[in-house]
Amino acid sequence: MINKHQVIDTLILQLENSLNIAVQSATHAHQDATHEQSKAETQYDSLGIEMAYLAEGQSKRIESLRQDIQVLKETAFPSQREQVQLAHLVHLVDNQTDAPLWVFILPVAGGNKVKLNDVICQIVTPNAPIAKKLLKQSVGDDVYFDWLDKEYEIFELI
């Protein structure tokens with residue numbers, strides 16, 4: 001069985017690793033943008049400008065990652081387990097093959113995957129199509145994902 005606190009902890013570690021890489025990239029881009037060799041020698045020489053844009057983009061990414069990490073640390077988990085809602089870890093089972101599908105609906109970090117004990121958990125935000133299909137559904141309900149052409153049963157909510 002998957003523990004949602006372990007999933008959150010692992011996701012935070014993944015985001016912190018991405019944050020460290022983004023900080024290093026931003027530092028390098030800033031150094032390159034301000035280096036004397038990046039000074040434009042002609043009107044067509046844009047290396048310094050390109051590096052400045054890259055540094056700005058990395059800075060925005062850093063801020064976004066920091067905010068996501070903070071939101072995850074403050075996420076409150078629902079106590080009820082009747083209907084799917086934000087911060088539920090949803091265990092689905094394919095109606096034809098009995099293959100499991102784990103989906104964690106969180107306010108941030110959609111698109112990430114977390115692997116624990118040979119189980120892959122897909123992180124989605126409430127705006128994701130899969131979350132829109134799951135929200136307000138109950139354990140035992142069947143949910144059809146047309147983009148997968150598969151129907152799943154909501155097996156449990158954690």
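Q: Is Asp 94 buried or exposed?
A: Asp 94 is buried, with a relative accessible area of 3%. Buried means under 20% relative accessible area, exposed over 50%, and partly exposed in between, with a 1.4 Å probe and protein chains only.

Q: What kind of model is this, and how are residues numbered?
A: This is a predicted model: local features need pLDDT of at least 70, side-chain atom pairs count only at pLDDT 80 or more, and totals for chains, interfaces and linings use all residues. Residues are numbered from 1 along each chain as its sequence is written, and side-chain values use heavy atoms, with hydrogens and water left out.

Q: Back to Asp 94. Which side chain meets it in a salt bridge?
A: Lys 150 does, at 3.6 Å, N to O. A salt bridge here is a side-chain nitrogen of Lys or Arg within 4 Å of a carboxyl oxygen of Asp or Glu.

Q: Where do the two partners lie?
A: Lys 150 lies in strand β6 (residues 150-157) and Asp 94 in strand β1, so the pair ties together parts that are 56 residues apart in sequence. Lys 150 is partly exposed, at 35% relative accessibility.

Q: How many salt bridges does the count come to?
A: Two. Lys 60 forms a salt bridge with Glu 56, with the closest N and O atoms 3.5 Å apart. Both of these residues lie in helix α2, four residues apart, about one turn of the helix. Lys 60 is exposed at 56%, and Glu 56 is partly exposed at 40%.

Q: What about Lys 4, buried or exposed?
A: Lys 4 is buried, yet has no salt bridge. The nearest side chain of opposite charge, Glu 156, is 10 Å away. For charge, Lys and Arg count as positive and Asp and Glu as negative, while His and the chain ends are not counted.

Q: What is Lys 4 in contact with, then?
A: Leaving aside neighbours within four places in sequence, Lys 4 is in contact with Phe 77, Pro 78, Ala 87, His 88, Leu 89, Phe 104 and Ile 158. Contact means heavy atoms within 4.5 Å. Lys 4 itself lies in helix α1.

Q: Ala 87 is on that list. What is its phi?
A: Ala 87 has a positive phi of about 75 degrees, although it is not a glycine. Most residues other than glycine have a negative phi. Ala 87 lies in the loop between α2 and β1 (89-94), and is buried at 1% relative accessibility.

Q: And Ala 109, what is its phi near?
A: Near 70 degrees, also a positive value in a residue other than glycine. Ala 109 sits in the loop between β2 and β3 and is buried at 9%.

Q: Zoom out. How many helices and strands are there?
A: Three helices and six strands. From the N terminus on, the elements run α-α-β-β-β-β-α-β-β. Helices (H or I, at least four residues) and strands (E, at least two) are DSSP runs, numbered from the N terminus.

Q: Which residues touch the most other members in the largest nonpolar core?
A: Val 7, Leu 11, Leu 72, Phe 104 and Ile 123, out of 24 residues in that core. A nonpolar core is a set of buried Ala, Val, Leu, Ile, Met, Phe, Trp, Tyr and Cys residues joined through side-chain atoms within 4.5 Å.

Q: Which element gives the largest share of this core?
A: Helix α1, with eight residues. Another core, of 15 residues, lies apart from it, and includes Val 84, Val 103, Ile 105 and Phe 145.

Q: New topic. How many aromatic pairs does a search of the whole structure find?
A: Two. Phe 145 and Trp 147 form a tilted pair, 5.2 Å centre to centre with 35 degrees between the planes. Phe 145 and Tyr 152 are 5.6 Å apart at their ring centres with planes at 45 degrees, so that pair is tilted too. Rings of Phe, Tyr and Trp (its six-membered ring) pair if their centres lie within 6.5 Å; planes under 30 degrees apart count as stacked, over 60 as edge-to-face and the rest as tilted.

Q: How exposed is Trp 147?
A: Trp 147 is partly exposed at 44%. Phe 145 and Tyr 152 are buried.
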